[in-house]
Amino acid sequence: VEAAGGGGGGGGGGGGSSSVVPGLVEVALRKGGIGLPGGAGGGNTPILCIGPGTGCAPLRSMIMERAAALRAASAAGGTTPPPTTMLFLGFRKRSEDALYHDEWQLLKAQGHISDLHIAFSRDQSDKVYVQHLLRRHGKDVWDRVLCPEAGGYIYLSGSAKQMPQDVWDALVHIITTFGGQSDADAQAYLRKMERSNRYQVECWS
């Protein structure tokens, strides 16, 4: 940072001077904690991605990796349709902080995102978050990703405060409502998904 010294004028005389004020920026890198299942781009495994705020960034890279794998397969003569990729995002206002908005729309138009749901929490009087949209689209989430027959994966990324618990509760609600399980069984179902790496979380405070 360059700071200018006292210039001319006034009673001090003398020319200007400058000094460089050193500054330090600490940067830490660590390996990401989420990843697609085996096979190029995760194969045909259905995935549910939940990333409010800046949590969308890791999910963006995964979806782009998935899209690249599909394009490579198509270039090699493959005809496999895009796998299910459900994406739930949350921002404050559509006009201010809808990160990567145009990219999401393009990926959806190209078929690389099968379902795109975005909550804008401040665009109406009642705040709407990703957990509300999950409940609203619960049957689709159960049928296409969560149910045993679908065998899908869940990826959650974003704030480590209240959001992960709110999402967990919404998923428990979906399992009890559409999977016919008790609350205790639904909790055990998600914990089993965690142990088998089918429920992956990368959150930070």
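Two strands are said to pair if DSSP finds at least two bridges between them. With that in hand, the exercises below explore a predicted model.

**Exercise 1. In what order do the strands of the open sheet lie, and which strands are at its edges?**

Step 1. The open sheet is formed by 5 strands, and their order is β5-β4-β3-β6-β7, with parallel pairing.

Step 2. A strand at the edge pairs on one side only, and this holds for β5 (115–120) and for β7 (199–204).

Step 3. Neighbouring strands of this sheet are turned against each other by 10° on average, when direction is ignored.

As background, strands of a sheet pair through backbone hydrogen bonds, either parallel or antiparallel.

**Exercise 2. Which residues stand opposite isoleucine 50 in β6 and in β4?**

Step 1. Strand β3 (residues 47–52) pairs with strand β6 (residues 153–159) in the parallel sense over 4 bridges, and in this pairing isoleucine 50 stands opposite leucine 156 of β6.

Step 2. Strand β3 is also joined to β4 by 6 bridges, and these two strands run parallel; here the residue opposite isoleucine 50 is phenylalanine 88.

**Exercise 3. Is β3 largely enclosed or open, and which residues lie on each of its faces?**

Step 1. A residue counts as buried when its relative accessible area is under 20%, and 6 of the 6 residues of β3 are buried, so this strand is largely enclosed by the rest of the structure.

Step 2. In a regular strand the side chains alternate between the two faces of the sheet.

Step 3. In β3 one side carries Ile47, Cys49 and Gly51, while the other carries Leu48, Ile50 and Pro52, and both faces are covered.

**Exercise 4. Which elements build the largest nonpolar core, and which of them gives the most?**

Step 1. The largest nonpolar core has 30 residues, and among those with the most contacts inside it are Leu48, Leu134, Val167 and Tyr199.

Step 2. Two or more residues each come from β3, β4 (85–91), α3 (130–136), α4 (138–146), β6, α5, α6 (183–195) and β7, and it is α5 that gives the most, with 8 residues.

Step 3. A second, separate core of 20 residues includes Ile34, Cys56, Ala98 and Ile113.

In general, nonpolar side chains tend to be buried together in soluble globular proteins.

**Exercise 5. Why can the buried residues of α4 be placed on the same side of the helix?**

Step 1. The residues Gly138, Val141, Trp142, Val145 and Leu146 of α4 are buried.

Step 2. Around the axis they cover an arc of only 115°, and therefore they lie on the same side of α4.

Step 3. The elements against which these buried residues of α4 pack are β3, β4, α3, β6, α5 and α6.

**Exercise 6. Where is serine 157, and which backbone oxygens does its side chain reach?**

Step 1. Serine 157 is located in strand β6, and because its relative accessibility is 0%, serine 157 counts as buried.

Step 2. A polar atom of the serine 157 side chain lies 3.1 Å from the backbone oxygen of glycine 55, and the side chain also reaches the backbone oxygen of glutamate 202 at 3.3 Å.

Step 3. Both distances can be set against the cut-off for a polar contact, which is a pair of N or O atoms within 3.5 Å.

Step 4. When neighbours within four places in sequence are left aside, the contacts of serine 157 include Ile50, Gly51, Pro58, Met163 and Trp204.

Methods: Residues are numbered from 1 along each chain as its sequence is written. This is a predicted model: local features need pLDDT of at least 70, side-chain atom pairs count only at pLDDT 80 or more; totals for chains, interfaces and linings use all residues. Side-chain values use heavy atoms; hydrogens and water are left out. Axes are lines fitted to C-alpha atoms, for helices over the stretch in contact, and angles run from 0 to 180 degrees between N-to-C directions. A nonpolar core is a set of buried Ala, Val, Leu, Ile, Met, Phe, Trp, Tyr and Cys residues joined through side-chain atoms within 4.5 Å. Buried means under 20% relative accessible area, exposed over 50%, partly exposed in between (1.4 Å probe, protein chains only). A polar contact is a pair of N or O atoms within 3.5 Å; within protein, one must be able to donate a hydrogen and the other to accept it, and residues adjacent in sequence count only if both atoms are side-chain atoms. Contact means heavy atoms within 4.5 Å. The arc is that of the directions from the helix axis to the C-beta atoms.
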